[in-house]
Amino acid sequence: MSDRFAGQTAIITGASRGIGLAIAERLVAEGAKVVITGRKADALADAVACLGGPDHALGVAGHAADTAHQDEAVTRAIDTFGSADLLVNNTGINPVYGPLMELDPTVARNVVEVNVLSALSWVQKTYKAWMSGHGGAIVNIASLSGIRPEPGIGMYGASKAMLMHLTKELAVEMSPRVRVNAVAPAVVKTRFAAALYEGREEAVAAEYPLMRLGAPDDIAGVVTFLLSGDAAWMTGRTLVVDGGLAAAGGA
């Protein structure tokens with residue numbers, strides 16, 4: 001691994017496990033300090049230990065959409081490690097599975113609140129506290145379901161489509177000092193996505209040209225590329241990381 005993130009601090013939301021933790025691991029391996037968030041303090045403590053302890057990582061527990069929690073995480077990142085150069089909006093929820101005609105509007109609002117509006121708030125707070133004066137890079141974790149319909153998770157997909165458009169808007173507004181990109185994965189083998197493949201993984205994977213589902217490291221590699229100087233001339237883009245699924249399905 002290189003030291004391409006040496007001297008930089010990343011805030012990664014929803015990073016006690018899964019894709020978020022894989023991104024944190026990759027960033028630490030390449031020299032960054034990381035601040036990870038999640039709802040459960042004990043899970044974050046385990047993740048911090050996995051990342052090498054307090055010299056490399058800090059866990060801040062709270063709800064992603066709580067503005068006080070956002071303020072605390074950004075402030076502690078700067079106070080503890082001296083900067084807030086990178087932001088990964090990884091937190092996402094999909095509390096229901098079923099047709100949109102049966103979706104409770106209160107649940108729909110909560111999906112948008114967490115998946116879109118809280119991501120915008122994290123960007124605003126990180127920008128005002130650090131990036132406006134120092135620059136930085138942001139990656140939003142979207143989804144292939146925001147590009148093509150996925151029955152059963154329609155509101156989740158709609159929220160991710162909004163997040164991808166928000167990425168473009170932010171990229172234009174925050175240039176040239178801050179780059180903003182997104183990643184749109186297909187099904188990745190995590191606890192969050194288990195309902196989409198559990199008990200039928202072989203059949204689901206057979207739809208993918210690469211004949212397997214994604215792993216958290218597959219997404220982490222693309223995210224760290226977008227955060228790095230290797231992507232210095234990229235902003236406002238969403239990279240689809242899907243094992244070839246969209247190409248095979250014509251999306």
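This is a predicted model: local features need pLDDT of at least 70, side-chain atom pairs count only at pLDDT 80 or more; totals for chains, interfaces and linings use all residues.
**Strands, crossovers and salt bridges**

Student: How many bridges pair strand S6 (residues 178-185) with S7, and in which sense?

Tutor: Four bridges, and S6 and S7 pair in the parallel sense. Two strands count as paired if DSSP finds at least two bridges between them. Strands (E, at least two residues) and helices (H or I, at least four) are DSSP runs, numbered from the N terminus.

Student: Which residue in S7 stands opposite Ala182?

Tutor: Thr238 in S7 does.

Student: OK. What's the strand order in the sheet?

Tutor: The order is S3-S2-S1-S4-S5-S6-S7. That makes seven strands in an open sheet, with parallel pairing. S3 and S7 stand at the edges with a single partner strand each, so one side of each has no neighbour in the sheet. The twist from one strand to the next averages 15 degrees. Angles run from 0 to 180 degrees between N-to-C directions, using axes fitted to C-alpha atoms, for helices over the stretch in contact.

Student: And how many bridges join S1 to S2?

Tutor: Four, and S1 and S2 run parallel. Ala10 has Val34 in S2 as its bridge partner.

Student: What does Val34 pair with in S3?

Tutor: Ala57 is its bridge partner there. Five bridges join S2 to strand S3 (residues 57-61), again parallel.

Student: Which helix takes the chain from S2 to S3?

Tutor: Helix H2 (residues 41-50), in a right-handed β-α-β crossover. Right-handed means that, with the strands pointing away from the viewer, the path from the first strand over the helix to the second runs clockwise. S1, H1 and S2 also make a right-handed β-α-β unit.

Student: Which strands does H1 lie across?

Tutor: S1, S2, strand S4 (86-89) and strand S5 (136-141). H1 runs at about 175 degrees to S1. H2 packs on the sheet too, touching S2 and S3. Contact means heavy atoms within 4.5 Å.

Student: Why is S2 called largely enclosed?

Tutor: Because five of its six residues are buried. Buried means under 20% relative accessible area, exposed over 50%, and partly exposed in between (1.4 Å probe, protein chains only).

Student: New topic. How many salt bridges are there in the whole structure?

Tutor: Six. A salt bridge is a side-chain nitrogen of Lys or Arg within 4 Å of a carboxyl oxygen of Asp or Glu. One of them joins Arg148 and Glu150 (3.2 Å, N to O).

Student: Which residues are linked in a network?

Tutor: Arg4, Glu30 and Asp230. Glu30 and Arg4 have their closest N and O atoms 2.4 Å apart. Those two are 26 residues apart in the chain, with Glu30 in the loop between helix H1 (18-29) and strand S2 (33-38) and Arg4 in the segment before strand S1 (9-12).

Student: Is Glu30 buried or exposed?

Tutor: Glu30 is buried, at 3% relative accessible area. Arg4 is partly exposed, at 31%.

Student: And how far from Arg4 is Asp230, N to O?

Tutor: 2.7 Å, in a salt bridge. That pair is 226 residues apart in the chain, with Asp230 in the loop between helix H7 (216-227) and strand S7 (238-241). Asp230 is exposed, at 55%.

Methods:
Residues are numbered from 1 along each chain as its sequence is written. Side-chain values use heavy atoms; hydrogens and water are left out.
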